[in-house]
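Have a look first, then read on.

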Amino acid sequence: MSQASIESLSPGVLCLCGDIDFTSGPSLREQGGKLIAASQSTQVVVNCAKIERSSSVGLSLLLAFMRDAQAAGKSILVRDMPKELHELARVSGLLDILPIEA
Amino acid sequence: MNADEKYAVELKGLSFKRGTRDIFKDIDIRIPCGKVTGIMGPSGSGKTTLLRLIGAELRPDAGEVWVNGVNLPTLSRTELFDMRKKMGVLFQSGALFTDLDVFENVAFPLRVHTKLPEAMIRDIVLMKLQAVGLRGAVQLMPDELSGGMKRRVALARAIALDPRILIYDEPFVGQDPIAMGVLVRLIRLLTDALGITSIVVSHDLAETASIADYLYVVGDTQVLGQGTPEELMNSDNPRVRQFMQGTPDGPVPFHFPADDYRSELLGGR
């Protein structure tokens, strides 16, 4: 398992990586909020392809980023959500709420 | 580390006594990852004791208890505390905090075990309640809930920390048929969708057999039988057959071992 991180790879694209759990959640929340605030794009893409193992914290982070973006007049798009996280979103009733890229 | 990662829980050569009475003598049980495993047996056969051994609330007199690749009796208290975060338990009684509302009951493990900000705790509580169909009951107190709803709230609390293993202690006791059906569906859903390893301890034969991928029947200090529900239904072992067919007397006797009745009543005391 690699350490969790969130970083801006290119303008308007954030990459959520590693093992996202209850320990790494609070700092990812804070860093993600800052990156969204600093982004110049009107749409922020959160790329989830490099998430290794996720939990409900991952979904909560995406919701938090949606709220941040909404407050800043921006939108969020969730890209490459891993199957495991997608299943958790389904069980949690979030597939219609999270803006997952088709 | 345990070599075999196919199994979430392995009991190896486990023995446990209460006083001088053997509860388990040299038993082996293996619980596969990501499946529903039922542990069945008559009342008093030690099923709940087995759960307490898996949760390291009790220490075996002999043998090993491997959970998620770690032998529990060798862990320190701190390591055990961390290990228990990965295990959810749905207690027989539900065990909700009666002075906390539904939201706070589900939020409780998140507040104790994490440093998540309040907004994230709220997200996760609502997600878990949505999963069990009770998001609308978030502000209710436990005494405003039916028995079935209480158990579903307890389930939402048990999955709050995304456990890898979920233990259900007699989940069907006292439930009406609708509540029972809902629980059966939820156990299956959480196991299949989230890859949770579910251990259902129960003496409710029909429900447990309907949901379990694999069953163990325990009694008389031993594992009496194991296999798929179908295999156990057709077992040649008379003790397993007695349990599966619900016959009151047989190789597992109706009477708890006792001194001679006549002597006790008429003998020279």
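Let's start with one residue: B:Asp162 counts as buried because it has 21 C-beta neighbours inside 10 Å. (Buried takes 20 or more other C-beta atoms within 10 Å of a residue's own, exposed means 12 or fewer, and partly exposed is in between, with C-beta atoms placed from the backbone.) Keep in mind that this is a predicted model, where local features need pLDDT of at least 70, side-chain atom pairs count only at pLDDT 80 or more, and totals for chains, interfaces and linings use all residues. Residues are numbered from 1 along each chain as its sequence is written, while chains are lettered from A and ligands numbered from 1 in the order in which they are written.

- Most residues other than glycine have a negative phi.
- B:Asp162 is not a glycine, yet its phi is positive, at about 50°.
- You'll find B:Asp162 in the loop between α5 and β7 of chain B. (Helices, H or I with at least four residues, and strands, E with at least two, are DSSP runs numbered from the N terminus.)
- B:Asn68, also not a glycine, has a positive phi near 50°, and it sits in the loop between β4 (62–67) and β5 (70–71) of chain B.
- Is B:Asn68 buried or partly exposed? It counts as partly exposed, because it has 18 C-beta neighbours inside 10 Å.

**Helix α5 of chain B**

- Helix α5(B) covers residues 147–158, and at 1.5 Å a residue its 12 residues should span 16 Å; the end C-alpha atoms are 16 Å apart, which agrees. (The expected span is 1.5 Å times one less than the number of residues.)
- Since 10 of the 12 residues of α5(B) are buried, the rest of the structure largely encloses this helix.
- Among those buried residues are B:Met149, B:Val153, B:Leu155 and B:Ala156, along with B:Lys150 and B:Arg151.
- What do the buried residues of α5(B) pack against? Their partners in chain B are β6 (87–90), α3 (102–113), α4 (118–131), β7 (165–169) and α6 (177–194).

**Chain A at a glance**

- Chain A has 3 helices and 5 strands, and along the sequence they run β-β-α-β-β-α-β-α.
- Its radius of gyration is 12 Å, close to the 13 Å that the globule rule gives for 102 residues, so chain A is as compact as a globular protein of that length. (The radius is taken over C-alpha atoms, and the rule is 2.2 Å times the number of residues to the power 0.38.)
- The C-alpha trace of chain A spans about 30 × 30 × 20 Å along its principal axes.
- Of the 102 residues in chain A, 40% count as buried.

**Chain B at a glance**

- Chain B contains 10 helices and 10 strands.
- A compact globule of 269 residues would have a radius of gyration near 18 Å, and the 20 Å of chain B agrees.
- Along the principal axes, the C-alpha atoms of chain B fill a box of roughly 70 × 45 × 45 Å.
- Of the 269 residues in chain B, 41% count as buried.

**Where the chains meet**

- 17 residues of chain A are in contact with 17 residues of chain B. (Contact means C-beta atoms, placed from the backbone, within 7 Å.)
- On the side of chain A that touches chain B, α1 (25–38), α2 (56–71) and α3 (83–91) of chain A each supply at least two residues.
- The largest share of that side, 5 residues, comes from α2(A).

**The nonpolar core**

- The largest nonpolar core has 105 residues, and those with the most contacts inside it include A:Phe65, B:Ala156 and B:Val217. (Such a core is a set of buried Ala, Val, Leu, Ile, Met, Phe, Trp, Tyr and Cys residues joined through C-beta atoms within 7 Å.)
- The largest share of this core, 9 residues, comes from α2(A).
- Not counting residues up to four places away in sequence, B:Val217 touches several residues, including B:Met40, B:Leu232 and B:Phe243.

**How confident is the predictor?**

- Chain A averages a pLDDT of 90, and chain B has a mean of 85. (pLDDT is the predictor's confidence in each residue, from 0 to 100.)
- The complex gets an ipTM of 0.94 and a pTM of 0.82 from the predictor.

Technical notes
Two residues are in contact if their C-beta atoms, placed from the backbone, lie within 7 Å.
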